[in-house]
Amino acid sequence: QVQLVESGGGLVQPGGSLRLSCAASGSIGSISGMSWYRQAPGKQRELVATITRGGSTNYADFVKGRFTISRDNAKNTVYLQMNSLKPEDTAVYYCQMRLITTRGTIVDSWGQGTQVTVSS
């Protein structure tokens, strides 16, 4: 069984910064892609950023130049550094990982979500 635990959300003023973390634990063999998604009230969940095991990244246009995704493979952890935050970044942020368990099963696992609120 695999568990993803997120941390780092909270309330921040416009223009401020936050850093989200998501750590995986359990029967993990290896992890390939790691991603962050977000879902604002009344809206569909949307992809924010993705990072491959080798470190290649991809970002949604609405966060390019402001957010940075990174990972620590030794710690099975993915990060999202969010700078220049805007009120429209307010959402619940979810991490997602595609991993192979120790039994060889491919699993798409999700974190529980962490609230990010950008408001003055």
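Me: Which residue in strand 3 is the bridge partner of Val2?
Reply: That's Gly26. Keep in mind that this is a predicted model.

Me: What makes strand 1 and strand 3 a pair?
Reply: Two strands pair if there are at least two bridges between them. Strand 1 (residues 2-7) and strand 3 are joined by six bridges, so they pair, and they run antiparallel.

Me: How do you know that strand 3 pairs with strand 8?
Reply: Six bridges join these two as well, again antiparallel, and at least two are needed, so they count as paired.

Me: Why are Tyr37 and Trp110 called a tilted aromatic pair?
Reply: Their ring centres are 4.9 Å apart, and the limit is within 6.5 Å, so they pair.

Me: What does the pair tie together?
Reply: Tyr37 is in strand 4 (residues 28-39) and Trp110 in strand 10 (residues 106-110), so parts that are 73 residues apart in sequence get tied together.

Me: Why does Trp110 count as partly exposed?
Reply: Trp110 has 35% relative accessibility.

Me: Which rings does the charged end of Arg45 sit over?
Reply: The ring of Tyr94, 3.8 Å from its centre, and the ring of Trp110, at 4.8 Å. The distance limit is within 6 Å, so both pass that part of the test.

Technical notes: Residues are numbered from 1 along each chain as its sequence is written. This is a predicted model: local features need pLDDT of at least 70, side-chain atom pairs count only at pLDDT 80 or more; totals for chains, interfaces and linings use all residues. Side-chain values use heavy atoms; hydrogens and water are left out. Rings of Phe, Tyr and Trp (its six-membered ring) pair if their centres lie within 6.5 Å; planes under 30 degrees apart count as stacked, over 60 as edge-to-face and the rest as tilted. Helices (H or I, at least four residues) and strands (E, at least two) are DSSP runs, numbered from the N terminus. Buried means under 20% relative accessible area, exposed over 50%, partly exposed in between (1.4 Å probe, protein chains only). A charge sits over a ring if NZ of Lys or CZ of Arg is within 6 Å of the ring centre and within 35 degrees of the ring normal.
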